[in-house]
Amino acid sequence: MKALMQDRPLLISSLIEHARHCHPGAEIVSRTAEGPMHRCTYSDVHRRSKQLAKALQVLGVRNGDRVATLAWNGYRHLELYYGVSGMGAVLHTINPRLYPEQIVYIANHAEDAYLFFDIGFAALVERLAPALTSVRGFVAMTDRAHMPALALPSLLCYEDLVGAQDSHYEWPLLDENTASSLCYTSGTTGNPKGVLYSHRSTVLHSYAACAADGLAVSAAESALLVVPMFHVNAWGMPYAGAMCGAKLVMPGPALDGKSIYELMRTEGVTLALGVPTVWLTLFNHVDTAGLDPKKDLKLDRVVIGGSAAPRAMCARFESEFGARAVHAWGMTEMSPLGTVCNFLPKHAGMTTDERLDVLARQGRPVFGVEMRITDDEGRDLPRDGKAAGHLMVRGPWITAGYFKGEGGQILDADGYFDTGDVATIDADGYMQITDRAKDVIKSGGEWISSIEIENAAVGHPAVAEAAVIGVAHPKWQERPLLIVLKKPGKQASRDELLAFLDGKIAKWCIPDDVAFVDELPHTATGKLQKLKLREMFKDYRTRST
Ligand code: ADP
(Lines give C-alpha, C1' and ligand atoms only; values in the text may rest on other atoms or scores of the structure.)
Protein backbone atom coordinates (compact mmCIF):
# COMPACT_ATOMS: atom_id res chain seq x y z
CA MET A 1 0.00 0.00 0.00
CA LYS A 2 1.36 3.37 -0.95
CA ALA A 3 1.43 5.94 1.85
CA LEU A 4 -0.56 9.12 1.71
CA MET A 5 2.08 11.64 2.67
CA GLN A 6 3.11 14.70 0.70
CA ASP A 7 6.03 14.11 -1.58
CA ARG A 8 7.94 17.37 -1.21
CA PRO A 9 11.48 17.29 -2.54
CA LEU A 10 14.37 17.99 -0.15
CA LEU A 11 15.96 21.06 -1.72
CA ILE A 12 18.81 23.37 -0.76
CA SER A 13 16.64 26.38 -1.62
CA SER A 14 14.21 25.25 1.10
CA LEU A 15 16.97 25.72 3.69
CA ILE A 16 17.45 29.40 2.93
CA GLU A 17 13.67 29.90 2.58
CA HIS A 18 13.27 28.44 6.07
CA ALA A 19 16.03 30.66 7.48
CA ARG A 20 14.48 33.72 5.89
CA HIS A 21 11.15 33.08 7.61
CA CYS A 22 12.31 31.60 10.91
CA HIS A 23 15.74 33.15 11.52
CA PRO A 24 15.71 36.30 9.38
CA GLY A 25 17.87 38.30 11.78
CA ALA A 26 20.46 35.64 12.60
CA GLU A 27 23.83 36.99 11.58
CA ILE A 28 26.50 36.04 9.09
CA VAL A 29 29.73 37.79 10.11
CA SER A 30 32.61 37.73 7.63
CA ARG A 31 36.16 38.94 7.56
CA THR A 32 36.38 40.07 3.95
CA ALA A 33 39.14 39.66 1.39
CA GLU A 34 39.08 43.47 1.10
CA GLY A 35 39.91 43.77 4.80
CA PRO A 36 36.99 45.06 6.92
CA MET A 37 34.42 42.96 8.77
CA HIS A 38 31.03 42.57 7.12
CA ARG A 39 27.74 41.79 8.86
CA CYS A 40 24.54 40.58 7.25
CA THR A 41 21.66 38.22 8.01
CA TYR A 42 20.04 35.10 6.56
CA SER A 43 17.39 37.45 5.22
CA ASP A 44 20.09 39.30 3.24
CA VAL A 45 21.62 36.04 2.02
CA HIS A 46 18.18 34.91 0.89
CA ARG A 47 17.58 38.12 -1.06
CA ARG A 48 21.00 38.33 -2.63
CA SER A 49 21.19 34.62 -3.53
CA LYS A 50 17.98 35.12 -5.51
CA GLN A 51 19.49 38.16 -7.24
CA LEU A 52 22.54 36.02 -7.99
CA ALA A 53 20.39 33.19 -9.36
CA LYS A 54 18.76 35.65 -11.75
CA ALA A 55 22.15 37.01 -12.77
CA LEU A 56 23.36 33.47 -13.50
CA GLN A 57 20.34 32.92 -15.73
CA VAL A 58 21.21 36.08 -17.63
CA LEU A 59 24.76 34.77 -18.06
CA GLY A 60 23.26 31.67 -19.66
CA VAL A 61 23.95 29.24 -16.82
CA ARG A 62 21.64 26.26 -17.25
CA ASN A 63 20.55 23.32 -15.10
CA GLY A 64 23.52 21.12 -14.35
CA ASP A 65 26.17 23.63 -15.45
CA ARG A 66 29.13 23.75 -13.11
CA VAL A 67 29.93 27.08 -11.47
CA ALA A 68 33.27 27.08 -9.69
CA THR A 69 34.56 29.08 -6.73
CA LEU A 70 38.08 29.83 -5.55
CA ALA A 71 37.21 31.57 -2.33
CA TRP A 72 37.60 31.75 1.44
CA ASN A 73 34.74 31.62 3.89
CA GLY A 74 32.51 34.66 3.58
CA TYR A 75 29.01 35.91 2.87
CA ARG A 76 29.43 36.10 -0.91
CA HIS A 77 30.56 32.48 -0.95
CA LEU A 78 27.45 31.63 1.09
CA GLU A 79 25.27 33.43 -1.46
CA LEU A 80 26.87 31.26 -4.14
CA TYR A 81 26.08 28.13 -2.10
CA TYR A 82 22.37 29.02 -2.27
CA GLY A 83 22.15 30.93 -5.55
CA VAL A 84 24.00 28.40 -7.72
CA SER A 85 22.52 25.18 -6.29
CA GLY A 86 19.11 26.77 -5.76
CA MET A 87 18.72 27.64 -9.44
CA GLY A 88 19.64 24.09 -10.51
CA ALA A 89 23.31 24.53 -11.36
CA VAL A 90 26.18 22.74 -9.58
CA LEU A 91 28.49 24.60 -7.22
CA HIS A 92 32.07 23.40 -7.63
CA THR A 93 34.20 24.59 -4.72
CA ILE A 94 37.89 24.42 -5.63
CA ASN A 95 40.61 24.19 -2.99
CA PRO A 96 43.03 27.04 -3.78
CA ARG A 97 45.78 25.29 -1.81
CA LEU A 98 46.07 22.59 -4.47
CA TYR A 99 48.95 22.77 -6.91
CA PRO A 100 48.06 25.03 -9.88
CA GLU A 101 48.21 22.08 -12.27
CA GLN A 102 45.71 20.20 -10.05
CA ILE A 103 43.35 23.19 -10.11
CA VAL A 104 43.55 23.26 -13.90
CA TYR A 105 42.95 19.51 -14.04
CA ILE A 106 39.83 19.58 -11.88
CA ALA A 107 38.33 22.75 -13.43
CA ASN A 108 38.71 21.19 -16.88
CA HIS A 109 37.49 17.79 -15.69
CA ALA A 110 34.43 19.43 -14.12
CA GLU A 111 33.98 21.56 -17.28
CA ASP A 112 33.29 24.64 -15.16
CA ALA A 113 31.32 27.29 -17.04
CA TYR A 114 32.12 30.22 -14.72
CA LEU A 115 34.75 30.80 -12.09
CA PHE A 116 34.01 33.08 -9.12
CA PHE A 117 37.10 34.11 -7.15
CA ASP A 118 38.19 36.15 -4.13
CA ILE A 119 40.38 39.09 -5.09
CA GLY A 120 43.26 37.50 -3.17
CA PHE A 121 43.36 34.83 -5.88
CA ALA A 122 43.36 37.32 -8.77
CA ALA A 123 46.98 36.70 -9.75
CA LEU A 124 46.48 32.94 -9.58
CA VAL A 125 43.36 33.14 -11.76
CA GLU A 126 45.13 35.32 -14.31
CA ARG A 127 47.93 32.78 -14.52
CA LEU A 128 45.60 29.76 -14.82
CA ALA A 129 42.99 31.32 -17.12
CA PRO A 130 44.59 30.39 -20.48
CA ALA A 131 44.57 26.70 -19.46
CA LEU A 132 40.93 26.65 -18.29
CA THR A 133 39.32 25.40 -21.45
CA SER A 134 35.63 25.44 -20.47
CA VAL A 135 35.40 28.67 -18.46
CA ARG A 136 33.30 31.29 -20.26
CA GLY A 137 33.70 34.04 -17.68
CA PHE A 138 35.53 35.01 -14.51
CA VAL A 139 33.75 36.83 -11.69
CA ALA A 140 35.74 38.75 -9.07
CA MET A 141 33.84 38.47 -5.77
CA THR A 142 34.08 42.14 -4.89
CA ASP A 143 32.63 45.57 -5.68
CA ARG A 144 33.60 47.94 -8.45
CA ALA A 145 35.99 49.91 -6.22
CA HIS A 146 38.10 46.81 -5.47
CA MET A 147 38.16 45.23 -8.92
CA PRO A 148 41.61 43.83 -9.67
CA ALA A 149 43.28 45.06 -12.83
CA LEU A 150 43.53 41.80 -14.73
CA ALA A 151 44.22 40.98 -18.32
CA LEU A 152 41.24 38.62 -18.56
CA PRO A 153 38.91 38.78 -21.55
CA SER A 154 35.67 38.12 -19.70
CA LEU A 155 36.12 39.59 -16.25
CA LEU A 156 32.97 40.49 -14.34
CA CYS A 157 32.29 42.20 -11.02
CA TYR A 158 30.18 40.28 -8.48
CA GLU A 159 28.44 43.30 -6.98
CA ASP A 160 27.60 44.67 -10.43
CA LEU A 161 26.12 41.31 -11.41
CA VAL A 162 24.04 40.95 -8.25
CA GLY A 163 23.10 44.64 -8.13
CA ALA A 164 21.67 44.54 -11.65
CA GLN A 165 18.89 42.14 -10.60
CA ASP A 166 15.94 42.36 -8.24
CA SER A 167 15.02 39.50 -5.93
CA HIS A 168 11.70 38.53 -7.55
CA TYR A 169 12.60 34.98 -8.31
CA GLU A 170 10.96 31.60 -7.65
CA TRP A 171 13.33 28.77 -6.93
CA PRO A 172 12.67 25.93 -9.39
CA LEU A 173 11.00 22.83 -7.94
CA LEU A 174 13.83 20.44 -8.76
CA ASP A 175 13.93 16.69 -8.38
CA GLU A 176 15.65 16.19 -5.02
CA ASN A 177 18.19 13.86 -6.64
CA THR A 178 19.45 16.69 -8.84
CA ALA A 179 23.20 17.36 -8.45
CA SER A 180 23.82 20.39 -6.25
CA SER A 181 27.54 20.61 -5.64
CA LEU A 182 30.84 19.05 -6.54
CA CYS A 183 33.97 18.56 -4.47
CA TYR A 184 37.18 16.86 -5.51
CA THR A 185 39.15 14.64 -3.15
CA SER A 186 42.71 15.83 -2.72
CA GLY A 187 44.04 12.82 -4.64
CA THR A 188 47.13 11.86 -2.67
CA THR A 189 47.51 9.05 -5.21
CA GLY A 190 46.43 9.59 -8.80
CA ASN A 191 44.24 12.40 -10.05
CA PRO A 192 41.65 14.04 -7.80
CA LYS A 193 38.18 12.52 -8.13
CA GLY A 194 34.89 14.41 -8.03
CA VAL A 195 32.16 13.69 -5.49
CA LEU A 196 28.81 14.94 -6.73
CA TYR A 197 26.31 15.73 -3.96
CA SER A 198 22.56 16.02 -4.42
CA HIS A 199 19.97 18.33 -2.90
CA ARG A 200 18.56 15.34 -1.04
CA SER A 201 21.91 14.17 0.33
CA THR A 202 22.76 17.70 1.43
CA VAL A 203 19.48 18.28 3.27
CA LEU A 204 19.59 14.87 4.98
CA HIS A 205 23.20 15.54 5.99
CA SER A 206 22.11 18.87 7.50
CA TYR A 207 19.56 17.11 9.72
CA ALA A 208 22.38 14.86 10.95
CA ALA A 209 24.63 17.86 11.66
CA CYS A 210 21.92 19.59 13.69
CA ALA A 211 20.88 16.45 15.62
CA ALA A 212 21.78 16.35 19.30
CA ASP A 213 23.93 13.27 18.76
CA GLY A 214 25.45 14.90 15.69
CA LEU A 215 27.04 18.33 16.04
CA ALA A 216 24.00 19.62 17.99
CA VAL A 217 24.03 22.96 16.19
CA SER A 218 21.14 25.28 17.04
CA ALA A 219 19.92 28.87 16.89
CA ALA A 220 21.70 29.45 20.21
CA GLU A 221 25.04 28.98 18.50
CA SER A 222 27.65 31.41 17.27
CA ALA A 223 29.57 29.05 14.99
CA LEU A 224 33.06 29.82 13.72
CA LEU A 225 33.78 28.01 10.46
CA VAL A 226 37.54 27.71 10.41
CA VAL A 227 37.14 24.70 8.14
CA PRO A 228 37.07 26.21 4.64
CA MET A 229 34.00 26.22 2.42
CA PHE A 230 36.17 24.51 -0.21
CA HIS A 231 36.87 21.58 2.13
CA VAL A 232 33.79 19.32 1.87
CA ASN A 233 31.40 22.29 2.06
CA ALA A 234 32.83 23.42 5.40
CA TRP A 235 31.59 20.11 6.80
CA GLY A 236 28.04 21.01 5.80
CA MET A 237 27.77 23.95 8.20
CA PRO A 238 26.61 26.56 5.64
CA TYR A 239 23.51 24.37 5.11
CA ALA A 240 23.04 23.22 8.71
CA GLY A 241 23.38 26.84 9.85
CA ALA A 242 20.39 27.92 7.76
CA MET A 243 18.41 24.88 8.88
CA CYS A 244 18.74 25.81 12.56
CA GLY A 245 19.46 29.55 12.41
CA ALA A 246 22.94 29.47 13.88
CA LYS A 247 24.98 32.65 13.63
CA LEU A 248 27.87 31.93 11.26
CA VAL A 249 31.28 33.52 11.72
CA MET A 250 33.47 33.39 8.62
CA PRO A 251 37.20 34.06 8.99
CA GLY A 252 37.95 34.90 5.34
CA PRO A 253 41.63 34.49 4.47
CA ALA A 254 42.89 35.21 8.03
CA LEU A 255 43.45 31.78 9.52
CA ASP A 256 46.35 32.69 11.83
CA GLY A 257 46.00 32.11 15.57
CA LYS A 258 45.63 35.79 16.46
CA SER A 259 42.83 36.48 13.97
CA ILE A 260 40.95 33.31 14.95
CA TYR A 261 41.23 34.16 18.65
CA GLU A 262 40.01 37.70 18.03
CA LEU A 263 36.97 36.47 16.11
CA MET A 264 36.18 34.01 18.90
CA ARG A 265 36.32 36.83 21.42
CA THR A 266 34.49 39.58 19.56
CA GLU A 267 31.75 37.36 18.11
CA GLY A 268 31.07 35.35 21.28
CA VAL A 269 31.83 32.13 19.44
CA THR A 270 30.32 29.07 21.16
CA LEU A 271 31.16 26.43 18.56
CA ALA A 272 34.27 26.30 16.37
CA LEU A 273 35.10 23.76 13.69
CA GLY A 274 38.48 22.94 12.16
CA VAL A 275 41.29 20.45 11.55
CA PRO A 276 43.93 19.79 14.27
CA THR A 277 46.65 21.92 12.62
CA VAL A 278 44.60 25.13 12.92
CA TRP A 279 44.10 24.51 16.63
CA LEU A 280 47.87 24.14 17.02
CA THR A 281 48.22 27.62 15.53
CA LEU A 282 45.62 28.89 17.99
CA PHE A 283 47.47 27.30 20.93
CA ASN A 284 50.73 28.90 19.79
CA HIS A 285 49.11 32.30 19.81
CA VAL A 286 47.65 31.73 23.29
CA ASP A 287 51.12 30.74 24.52
CA THR A 288 53.08 33.58 22.97
CA ALA A 289 50.54 36.26 23.86
CA GLY A 290 50.00 34.81 27.36
CA LEU A 291 46.18 34.81 27.04
CA ASP A 292 43.47 33.47 29.31
CA PRO A 293 40.91 31.86 26.98
CA LYS A 294 38.55 30.86 29.79
CA LYS A 295 38.22 34.51 30.74
CA ASP A 296 38.10 35.93 27.20
CA LEU A 297 35.94 33.42 25.35
CA LYS A 298 32.51 31.79 25.47
CA LEU A 299 33.65 28.70 23.62
CA ASP A 300 31.55 25.66 24.48
CA ARG A 301 32.55 23.04 21.89
CA VAL A 302 35.30 22.60 19.31
CA VAL A 303 34.67 20.14 16.51
CA ILE A 304 37.93 18.49 15.48
CA GLY A 305 38.10 16.31 12.38
CA GLY A 306 40.00 15.69 9.16
CA SER A 307 42.80 14.03 11.14
CA ALA A 308 42.79 12.37 14.53
CA ALA A 309 42.28 14.77 17.43
CA PRO A 310 45.25 14.23 19.76
CA ARG A 311 44.37 13.55 23.37
CA ALA A 312 46.58 16.45 24.50
CA MET A 313 44.57 18.82 22.28
CA CYS A 314 41.24 17.67 23.72
CA ALA A 315 42.67 18.00 27.25
CA ARG A 316 43.90 21.53 26.59
CA PHE A 317 40.57 22.71 25.20
CA GLU A 318 38.90 21.34 28.31
CA SER A 319 41.30 22.71 30.91
CA GLU A 320 42.28 26.05 29.37
CA PHE A 321 39.29 27.02 27.25
CA GLY A 322 36.54 25.33 29.28
CA ALA A 323 35.39 23.84 25.97
CA ARG A 324 34.59 20.25 25.07
CA ALA A 325 36.40 18.74 22.12
CA VAL A 326 33.94 17.02 19.79
CA HIS A 327 35.88 14.50 17.77
CA ALA A 328 34.34 13.83 14.37
CA TRP A 329 35.30 11.66 11.44
CA GLY A 330 34.28 11.65 7.82
CA MET A 331 35.48 12.24 4.32
CA THR A 332 34.71 14.08 1.10
CA GLU A 333 32.92 10.96 -0.12
CA MET A 334 30.61 11.17 2.93
CA SER A 335 29.51 14.84 2.73
CA PRO A 336 31.52 14.50 5.18
CA LEU A 337 29.88 13.48 8.48
CA GLY A 338 30.30 9.83 9.44
CA THR A 339 30.78 9.69 13.19
CA VAL A 340 30.70 12.14 16.07
CA CYS A 341 32.06 11.45 19.53
CA ASN A 342 29.39 12.28 22.09
CA PHE A 343 29.04 10.80 25.55
CA LEU A 344 26.50 8.26 26.76
CA PRO A 345 24.77 8.26 30.17
CA LYS A 346 27.19 5.57 31.33
CA HIS A 347 30.10 8.02 30.94
CA ALA A 348 28.69 10.40 33.54
CA GLY A 349 30.92 10.73 36.58
CA MET A 350 34.03 9.57 34.78
CA THR A 351 37.39 11.06 35.63
CA THR A 352 38.96 13.50 33.15
CA ASP A 353 41.36 10.78 32.07
CA GLU A 354 38.55 8.35 31.37
CA ARG A 355 36.60 10.99 29.48
CA LEU A 356 39.64 11.74 27.34
CA ASP A 357 39.93 8.02 26.56
CA VAL A 358 36.39 8.13 25.14
CA LEU A 359 37.19 11.33 23.19
CA ALA A 360 40.22 9.72 21.58
CA ARG A 361 37.77 7.65 19.53
CA GLN A 362 36.23 9.13 16.41
CA GLY A 363 32.74 8.48 17.77
CA ARG A 364 29.49 6.78 16.86
CA PRO A 365 27.78 6.92 13.48
CA VAL A 366 25.12 9.58 13.10
CA PHE A 367 21.82 8.02 12.05
CA GLY A 368 21.92 7.43 8.32
CA VAL A 369 25.46 6.09 8.26
CA GLU A 370 25.87 2.31 8.45
CA MET A 371 29.35 1.03 9.22
CA ARG A 372 31.10 -2.31 9.34
CA ILE A 373 34.69 -3.51 9.55
CA THR A 374 35.98 -6.37 7.44
CA ASP A 375 39.14 -8.45 7.05
CA ASP A 376 41.16 -8.62 3.80
CA GLU A 377 38.70 -11.20 2.42
CA GLY A 378 35.68 -8.99 3.09
CA ARG A 379 34.44 -10.99 6.10
CA ASP A 380 32.81 -9.06 8.94
CA LEU A 381 34.96 -8.56 12.02
CA PRO A 382 33.54 -8.44 15.56
CA ARG A 383 32.48 -5.14 17.14
CA ASP A 384 34.57 -5.72 20.24
CA GLY A 385 36.72 -2.58 20.23
CA LYS A 386 39.78 -4.77 19.54
CA ALA A 387 39.57 -6.26 16.05
CA ALA A 388 40.80 -3.73 13.48
CA GLY A 389 39.66 -3.96 9.88
CA HIS A 390 38.72 -2.10 6.72
CA LEU A 391 36.06 0.46 7.52
CA MET A 392 33.11 0.18 5.12
CA VAL A 393 30.21 2.65 4.99
CA ARG A 394 26.77 2.95 3.41
CA GLY A 395 24.13 5.67 3.52
CA PRO A 396 22.11 8.34 1.70
CA TRP A 397 24.85 11.01 1.84
CA ILE A 398 27.70 8.69 0.84
CA THR A 399 28.94 8.62 -2.75
CA ALA A 400 27.79 5.87 -5.09
CA GLY A 401 30.52 6.62 -7.66
CA TYR A 402 32.91 9.38 -8.71
CA PHE A 403 32.09 12.09 -11.26
CA LYS A 404 32.30 10.84 -14.85
CA GLY A 405 32.81 7.29 -13.62
CA GLU A 406 36.43 7.80 -12.53
CA GLY A 407 37.64 4.86 -10.48
CA GLY A 408 34.90 2.61 -11.92
CA GLN A 409 32.59 0.64 -9.64
CA ILE A 410 33.43 1.64 -6.08
CA LEU A 411 30.77 -0.13 -4.01
CA ASP A 412 30.84 -3.77 -2.92
CA ALA A 413 28.00 -6.22 -3.56
CA ASP A 414 26.13 -4.94 -0.48
CA GLY A 415 26.49 -1.30 -1.52
CA TYR A 416 29.27 -0.47 0.95
CA PHE A 417 32.06 1.99 0.16
CA ASP A 418 35.60 1.22 1.36
CA THR A 419 36.80 4.32 3.22
CA GLY A 420 40.46 3.30 3.01
CA ASP A 421 40.61 3.64 6.80
CA VAL A 422 41.37 0.88 9.26
CA ALA A 423 39.32 0.97 12.45
CA THR A 424 37.86 -0.80 15.44
CA ILE A 425 34.19 -0.59 16.49
CA ASP A 426 33.06 -1.37 20.03
CA ALA A 427 29.82 -2.78 21.41
CA ASP A 428 28.30 0.72 21.80
CA GLY A 429 29.18 1.60 18.21
CA TYR A 430 32.18 3.81 19.03
CA MET A 431 34.59 3.68 16.11
CA GLN A 432 38.30 4.35 16.42
CA ILE A 433 40.56 4.87 13.43
CA THR A 434 43.89 3.11 13.81
CA ASP A 435 45.28 4.23 10.44
CA ARG A 436 44.78 4.84 6.77
CA ALA A 437 45.11 1.35 5.24
CA LYS A 438 48.14 2.57 3.26
CA ASP A 439 49.83 4.01 6.38
CA VAL A 440 49.51 0.94 8.63
CA ILE A 441 52.90 -0.27 9.86
CA LYS A 442 53.26 -4.01 9.44
CA SER A 443 55.72 -5.29 11.98
CA GLY A 444 56.34 -9.02 12.27
CA GLY A 445 52.80 -9.89 11.19
CA GLU A 446 51.23 -7.39 13.61
CA TRP A 447 49.70 -4.05 12.68
CA ILE A 448 51.00 -1.00 14.51
CA SER A 449 48.78 2.08 14.59
CA SER A 450 50.72 5.18 13.60
CA ILE A 451 47.89 7.38 14.91
CA GLU A 452 48.10 5.87 18.40
CA ILE A 453 51.83 6.62 18.64
CA GLU A 454 51.46 10.15 17.22
CA ASN A 455 48.68 10.81 19.68
CA ALA A 456 50.83 9.71 22.63
CA ALA A 457 53.91 11.61 21.40
CA VAL A 458 52.15 14.99 21.15
CA GLY A 459 51.36 14.62 24.85
CA HIS A 460 55.03 15.48 25.54
CA PRO A 461 55.39 19.17 26.39
CA ALA A 462 58.22 19.75 23.88
CA VAL A 463 56.41 18.17 20.92
CA ALA A 464 54.43 20.43 18.60
CA GLU A 465 53.56 17.79 16.04
CA ALA A 466 54.47 14.16 15.44
CA ALA A 467 54.29 11.76 12.51
CA VAL A 468 54.96 8.05 12.55
CA ILE A 469 55.86 6.05 9.46
CA GLY A 470 57.10 2.51 8.87
CA VAL A 471 60.72 2.11 7.78
CA ALA A 472 62.16 -1.10 6.37
CA HIS A 473 63.58 -3.57 8.89
CA PRO A 474 65.47 -6.78 8.01
CA LYS A 475 63.81 -8.90 10.67
CA TRP A 476 60.43 -7.29 11.37
CA GLN A 477 59.69 -6.12 7.82
CA GLU A 478 58.77 -2.63 9.08
CA ARG A 479 59.35 -0.75 12.31
CA PRO A 480 57.92 2.62 13.38
CA LEU A 481 59.99 5.78 13.11
CA LEU A 482 58.78 8.79 15.07
CA ILE A 483 59.32 12.11 13.30
CA VAL A 484 59.03 15.12 15.56
CA LEU A 485 58.59 18.85 15.13
CA LYS A 486 59.54 20.48 18.43
CA LYS A 487 57.78 23.50 19.90
CA PRO A 488 59.80 26.70 19.46
CA GLY A 489 62.46 26.96 22.19
CA LYS A 490 61.65 23.52 23.66
CA GLN A 491 64.10 20.62 23.88
CA ALA A 492 63.70 16.84 24.03
CA SER A 493 66.12 14.04 23.15
CA ARG A 494 65.43 10.76 21.37
CA ASP A 495 65.82 8.73 24.54
CA GLU A 496 63.66 11.07 26.57
CA LEU A 497 60.83 10.83 24.04
CA LEU A 498 61.02 7.06 23.81
CA ALA A 499 60.99 6.81 27.60
CA PHE A 500 57.96 9.12 27.64
CA LEU A 501 56.05 6.68 25.41
CA ASP A 502 56.88 3.73 27.64
CA GLY A 503 53.72 2.68 29.45
CA LYS A 504 51.47 4.76 27.16
CA ILE A 505 51.50 2.33 24.25
CA ALA A 506 52.32 -1.39 23.96
CA LYS A 507 56.05 -2.11 24.24
CA TRP A 508 56.37 -3.57 20.73
CA CYS A 509 54.77 -0.42 19.29
CA ILE A 510 57.43 1.89 20.73
CA PRO A 511 59.30 3.39 17.78
CA ASP A 512 62.84 2.23 17.13
CA ASP A 513 64.06 5.73 16.59
CA VAL A 514 63.18 9.43 16.57
CA ALA A 515 64.04 11.91 13.83
CA PHE A 516 63.74 15.65 14.38
CA VAL A 517 62.62 17.95 11.55
CA ASP A 518 62.07 21.69 11.13
CA GLU A 519 58.85 21.22 9.24
CA LEU A 520 56.27 18.49 8.59
CA PRO A 521 54.63 18.32 5.15
CA HIS A 522 50.83 18.71 5.01
CA THR A 523 48.24 18.16 2.28
CA ALA A 524 45.93 20.88 0.99
CA THR A 525 43.40 19.82 3.64
CA GLY A 526 45.87 19.90 6.53
CA LYS A 527 46.70 16.21 6.82
CA LEU A 528 50.20 14.88 7.37
CA GLN A 529 51.65 13.88 4.04
CA LYS A 530 52.86 10.39 4.89
CA LEU A 531 53.70 9.56 1.28
CA LYS A 532 56.17 12.43 1.20
CA LEU A 533 57.60 11.49 4.60
CA ARG A 534 58.11 7.91 3.43
CA GLU A 535 60.00 9.25 0.42
CA MET A 536 62.09 11.56 2.61
CA PHE A 537 63.02 8.73 4.97
CA LYS A 538 63.20 5.85 2.50
CA ASP A 539 66.91 5.21 3.12
CA TYR A 540 66.63 5.77 6.84
CA ARG A 541 68.00 2.98 9.03
CA THR A 542 66.87 3.05 12.64
CA ARG A 543 69.46 2.65 15.37
CA SER A 544 68.22 -0.82 16.20
CA THR A 545 68.67 -2.16 12.64
P1 ADP B 1 40.70 14.20 1.31
O2 ADP B 1 40.07 12.87 1.03
O3 ADP B 1 40.37 15.23 0.32
O4 ADP B 1 42.13 14.12 1.75
P5 ADP B 1 38.95 14.19 3.45
O6 ADP B 1 38.66 15.23 4.45
O7 ADP B 1 37.87 13.62 2.67
O8 ADP B 1 40.02 14.81 2.56
O9 ADP B 1 39.79 13.01 4.14
C10 ADP B 1 39.14 11.90 4.67
C11 ADP B 1 40.11 11.10 5.50
O12 ADP B 1 40.66 11.89 6.56
C13 ADP B 1 39.46 9.95 6.22
O14 ADP B 1 39.30 8.83 5.39
C15 ADP B 1 40.45 9.70 7.35
O16 ADP B 1 41.57 8.95 6.94
C17 ADP B 1 40.92 11.07 7.69
N18 ADP B 1 40.17 11.57 8.85
C19 ADP B 1 39.12 12.40 8.86
N20 ADP B 1 38.72 12.64 10.12
C21 ADP B 1 39.52 11.93 10.93
C22 ADP B 1 39.60 11.72 12.34
N23 ADP B 1 38.79 12.33 13.18
N24 ADP B 1 40.55 10.89 12.80
C25 ADP B 1 41.40 10.27 11.97
N26 ADP B 1 41.38 10.41 10.64
C27 ADP B 1 40.44 11.23 10.12
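**Figure 1. Salt bridge between Asp-166 and Lys-54 in the predicted model.** Asp-166 and Lys-54 form a salt bridge in which the closest N and O atoms are 2.4 Å apart; a salt bridge is a side-chain nitrogen of Lys or Arg within 4 Å of a carboxyl oxygen of Asp or Glu. Asp-166 belongs to the loop between helix H6 (158–163) and strand S8 (179–184), and Lys-54 to helix H2 (residues 42–58), so the pair ties together parts that are 112 residues apart in sequence. Helices (H or I, at least four residues) and strands (E, at least two) are DSSP runs, numbered from the N terminus. Asp-166 is partly exposed, its relative accessible area being 38%, whereas Lys-54, at 18%, counts as buried. Buried means under 20% relative accessible area, exposed over 50%, and partly exposed in between, with a 1.4 Å probe and protein chains only. The model is predicted: local features need pLDDT of at least 70, side-chain atom pairs count only at pLDDT 80 or more, and totals for chains, interfaces and linings use all residues. Residues are numbered from 1 along each chain as its sequence is written, and side-chain values use heavy atoms, with hydrogens and water left out.

**Figure 2. Salt bridge between Glu-27 and Arg-39.** The side chains of Glu-27 and Arg-39 meet in a salt bridge, with an N to O distance of 2.9 Å. Glu-27 is part of strand S1 (residues 27–31) and Arg-39 of strand S2 (residues 37–41), so the pair ties together parts that are 12 residues apart in sequence. Glu-27 is partly exposed, with 24% relative accessible area; Arg-39 is also partly exposed, at 44%.

Figure 3. Glu-454 and Lys-530 form a salt bridge whose closest N and O atoms are 2.7 Å apart. This pair links distant parts of the chain, with Glu-454 in helix H15 (residues 450–457) and Lys-530 in helix H17 (residues 530–536), 76 residues apart. Glu-454 and Lys-530 are both buried. The structure holds 36 salt bridges.

**Figure 4. Surroundings of the ligand.** The ligand is surrounded by 17 residues, the closest being Ser-186, Ala-328, Thr-332, Asp-421 and Arg-436; a residue is near a molecule or strand if one of its heavy atoms lies within 4 Å of it. By class, this shell has four nonpolar, 10 polar and three charged residues. Ala, Val, Leu, Ile, Met, Phe, Trp, Tyr, Cys and Pro count as nonpolar, Asp, Glu, Lys and Arg as charged, and the others, Gly among them, as polar. Strand S14 (residues 324–330) supplies the largest share of the shell, four residues.

Figure 5. A backbone N or O atom of Thr-332 lies 2.6 Å from an oxygen atom of the ligand. For Ala-308, a backbone N or O atom is 3.2 Å from a nitrogen atom of the ligand. A polar backbone atom of Ser-307 is 3.5 Å from a nitrogen atom of the ligand. Taken alone, the ligand exposes 560 Å², of which the protein buries 91%; accessible areas come from the Shrake-Rupley method with a 1.4 Å probe, and for residues only the protein chains shown count as cover.

**Figure 6. Helix H10 and the glycine after it.** In helix H10 (residues 257–266), the buried residues are Gly-257, Ser-259, Ile-260, Tyr-261, Leu-263 and Met-264. Gly-268 follows H10 and has a positive phi, near 55°.

Figure 7. Most residues other than glycine have a negative phi, and most peptide bonds are trans. Ser-335 and Pro-336 are joined by a cis peptide bond with omega of about 5°, and Pro-336 is found in the loop between S14 and strand S15 (337–340). Glu-111, not a glycine, has a positive phi of about 55°; Glu-111 is found in the loop between helix H4 (100–110) and strand S5 (112–117) and is partly exposed at 41% relative accessibility. Lys-404 likewise has a positive phi, about 60°, without being a glycine. Lys-404 lies in the loop between strand S18 (389–394) and strand S19 (417–425) and is partly exposed, with a relative accessible area of 44%.

**Figure 8. Cysteines without disulfides.** The whole structure contains zero disulfides; a disulfide is a pair of cysteine sulfur atoms within 2.5 Å. The sulfur of Cys-314 has its closest cysteine sulfur in Cys-341, 8.5 Å away, too far for a bond. Cys-314 is buried, with a relative accessible area of 1%, and Cys-509 counts as buried at 6%.

Methods: A polar contact is a pair of N or O atoms within 3.5 Å; within protein, one must be able to donate a hydrogen and the other to accept it, and residues adjacent in sequence count only if both atoms are side-chain atoms.
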